[in-house]
Each structure stands twice: as C-alpha cells, then as structure tokens.
Amino acid sequence: MATIRILSLILAVLSSITLLWTQSGECNNGRRSEDAVDTDFSGFSVPLEHSFEVDDVPRFHLRGVLQFRGGREHGVYLSQNQLSEKDRITLKDVAAVDGLYRIRVPRVSLQVDRQTERQSEGYLTTFVRACSLVESHLSDVITLHTDVSGCVVGISIVTIPGSCRGIEVEDEVDLEVFNTTISVVAPVTAPVPETAPYIERMEQEMEKKGKNPQEQKSFFAKYWYLILGGAVFLMATSSAQTPPGGVREQS
Amino acid sequence: MAWLVVRLAISVSLLYTASAVFEDQVGKFDWRQQFIGKVRFALFDTHSQASKKLLVATDKNVFASLNSRTGDLFWRHVDKTGPEGHIDALLMYGQDAVVVVGNGRLLRSWETTVGGLKWETVLDTGSFQAAALVGVQDLVKYVAVLKKSAISLHDLSSGSQIWVENLPDSDSVQYQTIYSGGNGLLFVLGVVPNSHIVIVEYKIEDGEIMNKKSVEAAWMSSLESSCAVISSGILLCVDQITQSLYTLSLQSAEQTEMRQIHLQTLDLEVASGFRPVLTSTQPNPAQPPLSEFFLQLSPDHHILLQFKDGLIAPLRDFSPSYLAAFATSGERTVAAVMSPKNDTACSINLFSADTGRRHLDTTVIYHMDPNGGKPNRLYVHAFLKKDDSVGYRVMVQTEDLTLTFLQQPGRVVWMREEALADVVTMEMVDLPFTGTQAELEGEFGKKAAIQDGLLPMVLKRLSSQFILLQAWLAHLWKLFYDARQPRSSVKNEVTIDILSRDEFNLQKMMLMVTASGKLFGIDSKSGTILWKQYLENIQPNSVFKLIVQRTTAHFPHPPQCTLLIKHKDTGLGSLYVFNPIFGKKSQISVPALPRPVLQTLLLPVIDQDYAKVLLLIDDQYKVTAFPSTKNVLQQLQDTASSIFFYLVDSSQGKLSGFRLRKDLSTELIWEVVIPTEVQKIVAVKGKRANEHVHSQGRVMGDRSVLYKYLNPNLLAVITESTDTHQERSFVGIFLIDGVTGRIVHEAVQRKARGPVHFVHSENWVVYVYWNSKFRRNEFSVLELFEGAELYNSTVFSSLDRPHAPQVLQQSYIFPAPINTLEATLTEKGITSRHLLVGLPSGNILSLPKMFLDPRRPELVSEQSREENLIPYAPEMPIREEWFINYNQTVSSVRGIYTAPSGLESTCLVVAYGLDIYQTRVFPSKQFDVLKDDYDYILISSVLFGLFFATMISKRLAEVKLLNRAWR
C-alpha cells in the first residue's frame, strides 16, 4: 500500500500532460533559426494559481507552474502539486455550497524576443463550478488563448464531464491528483475568398466540355434522327391529306 | 457533371428571382419619408411673386428646395457625409443659388427651379471664412470668397475666377468678413484679437489694393460675432464689457479710431453674461445696407435702432421678444418680431424697418407644442399684396428641429419633423387590442374566474359575444358606406384612438429616438406621427438605450418602455419611463442614478405587474434594479447566482465578467485582456433576445443531423489592428462565452481593415471588412456546430458545455461598399433568413443567407445536392430584383431594424438614415398567405358549379332509377 502511495506521489509531482502547440508562421516573425537550438534554455515559466473559498472571496495560492518552451515546436508543460488534506476538505465544502473554483495566470507574452516586456500587469482569470471539478475527479482541460503577437489574452477551464449531479466522491483517491490537459491556442487565420481554385475548376470544366466529342458536334449531327423523323412524319401527314383535296378538285 | 452544376445554379437562382415587388404592389405596404436635417441656411425665392421655392442648406450636408405651400421637397441634393460635404455658405440671386462646400473646397451654382448644377469651380486650398455677392452699378455680377489667406472673385454666370489676391499679413491677422456696397470697392475686414482691426480695400475690376488701414480696438476678440456693417459702409460693433457700441466709417481716411457710444446714453443695458448680437440687413448686394439694425441685449430683449448722421437712435424697444428678423419685398423692408403671448403661444408682428411702426393686422399666433422645444430661428417671407400692403409668412425652427410654416392669422400651413433625419435607435411595439377584444381577453383573467360562479361567467361570455357581434356589424356598415364613397374622398386618417392590432399583427408602433432628444411614436402602416415628446436637458448625440419592459400582452397593464438618457450638464444617466402607445410619461417612481451607468441588463424575471426587471450596473459595479419592489428583490435573491453580466472597456482592451450576489453587489469572475498595443476592440454584439431558432440542427445529405451550437450567451467581439499598414493590418474575431469568459473561437482576418459591419444570430456570425490587399469588400461567415451529437439536448448551460464547437468559415467577395447590415427576424424562426444590406447608393439588398453558408462545396456531390447547397463561387451576386426598396432609395442609410410580425412568413423592416423607409419582406415568400391576385371568383364558381352539378345529376339519377323500376 505504501509503495502505491509513494508511486502516486511521484506521479503527482511529475504529472504533466503536454500538448504540443505548433506555432503558426506569423508568430515566428523576427526569430532566427539559431534560436531553435537553444530552446531548452529560452523557455520560461509562470505560476498558475487557484482559489476556492467557502465565503467566495478569492484568495489565490499556487497550484502549479506553467513552463513554456520556445523553439520550433512550442509547448507548454504544467507541473502541479498534489492537493493537501486541508485543500481537499475545503474543495468539497465549496462544492457543497455550489461555490466557484477560480484559476488565474499573469498576463504574459510567449514571444521569446519580447521577454523584457513580457510581464505586463494584471491577471487573466476564469472559473468553473467547484462541484463539477469534484465530480469529474479533478480532470480538467485548461486552454490558454493567445493573440497574433503571442500574448496570452484569455484562459479557460472546463471539466470533463462538466455537469453537477450530486454524486458522492471519495476524497482520498479521487481528489489528490489533477488530471489536466493543457494547451495553448493561437488564432486561426480566417479564409479569404478562394478565387484561384474556382477559376481553375471553371477552366477544367471548359476543357472537359471542349474535349467531349459529343458536345462538339453540330446541331444537325446531334439531332439528325429527330429532324429526319420529323420530316418523314410531315411528309406522311401531308401526303395523307392531299388525296381528298385532289379528289374534290377532280370531281 | 458540369451541366448538372449549371442546372442546379439556375434552379436555385430561379427560386429567388420572384422576390421583387410587382408594379401594382408599389406603396401598398411600404412607405418612405424624406428629411433634410437641421436647417442652417434658409432663403425664400423673392424673385417672382408667385414663387413657392424655399431653399435650405442643412447640417446633414443637404441642399434642397422645398415647396413653401406644402412643405414637400421639390428637389434635394445630398453631398458627401462629414466635413467634406459641409455646406459653408448659401447665397441666392435671382434664379441662381451659390453654395460653398467642404470648408471652401468647391464653389457651386445651382439653377433653383429644377435643381440642376450650372457650374462648379474648385477653389484654392485654405480654410473658408466668408462669402458674399458683389454688385457693381445695381447689377450683381460676382461672388467673392474669403479664405484664411486669400480672397478670390468669381463671375456669377460662369464661375470663372476673375482674380485672386493674397491677403497682407495673413499669418497674424484673422480675416473674417467681406463687405461690398456696390460702389466698385470690396472691403476685407480682419482682426488681430485684442489689438486692432485691419481693413483692406480692393478694387473690384482687377483686385488692386486701393487702401489699407488699421484701427485700434483692444477690446475686440472676434469680428464675426460682434460686428455688422450698416448704412453706407459703417462698421458697427458691440462690446459687452464696456457696454458700448463702436462705429467706424470704412471708407473715410480721416477717421483713425472707432467712435464709442455708451449704451447708457441710449438707456440700454446688456444682460449680464449675455453676448449681445447685432443684426443688420442688406436687401440688395449691389446697394449699401440699411441704416436700421437690431440689437439683442438679452435672450428675450431686442431693440430696433437707427443710425443717422453719426448718431444712433432707438426706433422701438421689443421687450419681451424671443426672435427678430428682417425681410424685404420689393423696395420695402420689414422686421418681424416674435414675442411671448402666454405660456403656450407666441405672437409674431410685422414692423416697418425704417420707422419701427407696427403694421396693422399682421399678427400671427404661433402655438408652441407643449411636448416640443422653444423656437430658436425665424425665417420671414415678405410679399406685397394687391393693395400694396406687405403680407408675410414665417418659418419657425425650434430646438427640437421642427419646422413650422405659418400664415396669417396663425394657420399652420405645414410642419416638418427634421429630428427624424437623425434616428439613433428604435423599437417596434405591438399595438393593443381594441376594447372589445380586451374584454374577451380579460374574461380569462385568473381573478375573474375565481370570483364569479358558473352562471355569471356564461352571462358574461354571452354579453361579450354580443358586443363583438355589434362591433362586427358596425365594421360591415362602415365598409359598405366607404365603398359607396368615391375613393379619393375616403380619408384614412390614423389617430391613436382607433389604433388596434390587426389580424396578423402587421401594424405596429414604431418608437424612434433621435439624436436631438426627441421621441416619436409612428404608425408603421402609414408613417403617421402619432405622438412626439421632446426631452429637454439631454446631451445631444449621446447614446440612448431603449428597452421594452412590458409589452402590450398584459392587459390591463399598459405597455411600458424605458429610455436611459444622459443629462446635458451632469452627464449622469436617468430613466425616462413612458407608455409607447400614447407617449405619456409614466407615473412610476424611477430610481435615482447617482453614478454613471456602465451596462444595462433586461432579465426575463418579471414582477407582479408583468414588467421585466432591468438591472443597471454603475461604475462601482453596484447594481440597481428597476422596478425594485419586494417581490423583485426576493426573486433576484433567489436567482442571483445565475445572473451574469459582462463589461467591455475598449480603452484597456478588457472584457470582464461579473456575477450578481444576493445583496445586489457583484463579484468579478472572469477577465480577458486583449492588449491594446496590437489591436483594439471596436464592437461587441450578443444575440437578440427575441430571436427564435426553430431547427436544432441541419439535416445532411446522408440523413444524419449536424447540430447547431446555439449558445445564447455567446458574444462576438470584433477587433481591429492598431497597425494600419496594408500588409500587416488585420481584423480579429473573438467568440467569447459571456458567462464563463471562455474564448470559444478566435480568428484573424489578415490584410483586412474596418469598418467592420457584422450580424450575430443563431449559430452564425457574418461580417464585412475591407480587404486592403485586393482593395475590395469581403463577406465572411462563421458557423458553429456541436457535431453529430448534442451534449445536452434539453437545456443549454454555459457552465456545462466542455466540448468546443466545430467552426466552419468561408469568405466571399462583395462587389459593393456597405453602410449597414442586419438579418431578418420572424416569429418562430421557421422561415429562412435573409441578410439586409444597406448600400451607400440607398438601396437595401435582401441577400439570402443560403449564399453565405460555409458548407458550400467546392465540388458538387450527390450529398451536397441532396442538401440543396449551392456550389461555392467566390463572388457574391447582387441582383437588382433583390433590392427591397426598388427606386425608393434611403439616403445615407445608417441602420436597419427588423421585427417579426404575426405571420411567420413576414418580417417588418425599417431602414433609417437621412430618410426613413418601412416595408415588409418575405424571405421564403408568402407561404402562409393567399396571393393578392388570388382568383376567388373562379374557385368559388367552380365549387358552386360542382355542387349544383352533383345535385342535378343526383336528381337525374333518381328519375332514371324510377323510370327503370317502372319498366
């Protein structure tokens, strides 16, 4: 049993689920390729703080440390502490009164060449209902949103599942270790009107039309049988009608 | 394959070609009203006696000619908006009207009868100061334009420049006015503030400087506001500090200083704090002005004075008097003075200018609108009657921009509400039921049912049915009576008393809030103004917020609207509560708002009187509820933890979310900061609260369902980059959940620039931007889907939606610039949506949302055809038949308002700008209404025919059977 406890402790300390964040080309502006080599040392870290209080007055304390790695493949790692016995009880109490579980990060810029001006004032905060965090056994998804210049503009947290059904949770096993998925999301580039593929497609269609021998045939070549049939029909009807007239003329 | 594509495209396009109105439908359910704005210059055409023309130039850059008998527009020219089209001066001589436009950029001459442009000259650069007609030997031949550093003379008939001269010492002297008395000389008057006056004398023929002198005037700061030229070239100025008049002869070389005349010697005194105003008149530009002039000493004190032989003598004292104006007809000049009569009326009298004697029988009584503003401008049109006496008509402009044209003895010939040229916001409210309908409704009221027994209920029902029958018979009789009258004599006058909801709720009350602070209640069917209310002490051009707190649906409680207004002096907000149908101010006590209001929130929570609760959040994040009865406060306490609101601070790029606490304080729960160094927030829009979405998802080609992400709390935030370089500028789109602050989607439109117009509705956002690389307008559409499965199909909660939606986006080229964008709205949301695009040309384009669908495929497949998706084409078509306002263009359209009607197929549309246009649109055609040309006679004759045929054949069959039985 003890070994399991130790193992879980080690796991907790190391538990950091990483999602690689491939930075879009624009964010790499002004960065030389040499930077990619010394990435391991150009990374930096910021604290992730959380707050859950029964009286709902936020008092933030450290939850873990977000480590950003520079370089070609930008990544973010979260190493976080285990919840203490006291914290677990508080969290359950907060969940019982339908309180909020808040997290915050300082406003930072992820651009390495902006390190000096990285620390701007203020924090970005968000929240989730404490009960849903408890009921999901501390499995949450944290997303950091950046703007085009790589500055973090917003943070969001959701738990999976997100609902509060009032299920009893055994605190010992389920409320010790965060099971966190963390990612950094940069804005996507919105599409522009796609004129080139459209023109290409139109040209292809024109070409296809041109190649198709059936389309190239002249009007008579295509419908000769109809015209012939029509002519024969006309002739037949006119020849059938003329005799009576002729007869009358003769009489 | 290609053939199929073409066929599909044709069939789809055919589906929409019939959306235009037919010729006989013109004006049937639409109307347009044209406005001009606040009048800055108004001139009556005195050229001929029978002329009806009234030329006006307004602050909306409009130059127009009004029919002075009816108030209708003869013609109207709308120039560019903003300072580029600003009309600086309007001069008229004979048939020509000369206009200076755009801070002295252009000089134009218009033919006043038809409004045709005669000539146009581009003037030299320099800020405009003054313009005047110049005459030589009783003939007006030239127009002089004074700029900051130059003066130019132009020929009146061709516009060609005769000469242009630089003004001496123009960097130190402020040249402000010009004067010419018809003696071949042109005087340019300038001032060095608090030092001296400079007078430069030009020869009209060649622009040679004949004379230049400067005169000490240490007290003078501005020539324009304190001086006038009277008599034969006498400059007359008034100073409020020394309480004196100063005169100076412009031509005489010997007078080197101004002559001071103390007002005390004339027994006059300027009211403290009031800047005295001089008004002179020069009836003919080729002759010197009259020696009589008005001096205004206080807001309600005018005095007519005469200058004679170097002396000033009072002719007549007008106290009290609000307004005074000169007018000339032929050789006679008269002065019209408006003085208060009693609390509600003013009287206008005519006086002869040279003696100050009152003309007999010239009183015009002007009744002031108790709901309007005070008169502030008076324009007089004088004419000679057959017996050689002077008759006159006046046009009065009030603070609330009402133009009233009066005739003796006080008959209002016409009225124009020019405040409507600048509508800020509007709402549409259902009309109430008629008394009988309301009676029926009231019968089902809870209270009545409990109190009464069964028998009284039956009796009540019978009696109300009887009343209904009576009303119906009366209606039939009226129809019959009207049908016998010739059509022209039947007047469809709309009054408040007969207003009632029609069968399909197509007629509504339009509430319009204008920039000048005047409220209007307009009947949507005819455009008649049913009530108006001028709110005094309002900061003009501020943001108003109009909220409908209680609709007409809660009889017997009257409907209730609330307008959040800003006080002129304190800048604090206050609530104006009124009944939208009658325009009456409500007696309900409103909460005082001691702090500026940041945000308002209309809750679905209602009090016991069925009024929705309005929350006002001030700059200390304290919440005020209105109405704040015990019941409401109790409900708020119960639901406080689920009431969230957001605030936007665009100066810091901060969006923050708050939650209500039980004690009506708030707590910050989320914060998103978009750095202002990179981009700035330009607009934030949520969804409309009264929007219904009928379908939860879209059926795909393979019969599976793609569910829409219908988050009612979603906010669309649009940003623009601070870097305006065409390669680096961008437009950002953030979709943020207003409850949790979660950024649902974040996109960047590169090489794009504003102004961005956008619509946020259902599960989509459509925005328009300017592509700075290709120099064109582009449309982009974002649609959000949950996917093939719904997370929770019964209820949507922002707190419990862990999965991010799928976002689809597509962009298109739009071959026209755009002024405004709005989406149609219907009762149940079954009808397909159209986008209404206001174009600068004044047309309103109804663009099917179907064309803005990010799922439009590149290549047509069996499934996309099944789904009726149009193949992708990068360019958005503009078809003339999609213009819902055919030739009724709306000048400088600024906003479009849409409201649902009682018919699912029909959406009411109001477009406002300089003009107002109201119409109905049918995005999916009129599927729930029989057509106008439906052949009732044919169908009923066929029915009757068949009926009789069966009767007859039945009879025949019986006879036949009988006969057979006998056989």
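Trainee: How do β18(B) and β19(B) pair?
Mentor: Strand β18 (residues 227-230) of chain B pairs with strand β19 (residues 234-239) of chain B in the antiparallel sense, over four bridges. Strands here are DSSP runs of E with at least two residues, helices are runs of H or I with at least four, and both are numbered from the N terminus; two strands pair if DSSP finds at least two bridges between them.

Trainee: What should I know about the model itself?
Mentor: This is a predicted model, in which local features need pLDDT of at least 70 and side-chain atom pairs count only at pLDDT 80 or more, while totals for chains, interfaces and linings use all residues. Residues are numbered from 1 along each chain as its sequence is written, chains are lettered from A and ligands numbered from 1 in the order in which they are written, and side-chain values use heavy atoms, with hydrogens and water left out.

Trainee: Back to β18(B), are its faces covered or open?
Mentor: Both faces are covered, since Cys227(B) and Val229(B) on one side and Ala228(B) and Ile230(B) on the other are all buried, meaning under 20% relative accessible area, with over 50% called exposed and partly exposed in between (1.4 Å probe, protein chains only). Val229(B) has Leu235(B) in β19(B) as its bridge partner, and the two strands form a hairpin with three residues between them, where Ser231(B) in the turn has a positive phi of about 50°.

Trainee: Which strands make up the open sheet of five?
Mentor: The order is β10(A)-β52(B)-β51(B)-β50(B)-β47(B), with mixed pairing. β10 (188-189) of chain A and β47 (679-685) of chain B stand at the edges with a single partner strand each, so one side of each is left without a neighbour in the sheet.

Trainee: How does β10(A) join β52(B)?
Mentor: Two bridges join β10(A) to β52(B), and the strands run parallel; Thr189(A) has Val748(B) in β52(B) as its bridge partner.

Trainee: And how many residues does each chain bring to the contact?
Mentor: Chain A brings 42 residues and chain B brings 48, where contact means heavy atoms within 4.5 Å.

Trainee: How many salt bridges are there between the chains?
Mentor: The count is two, a salt bridge being a side-chain nitrogen of Lys or Arg within 4 Å of a carboxyl oxygen of Asp or Glu. The side chains of Arg201(A) and Glu858(B) meet in a salt bridge at 3.3 Å, N to O.
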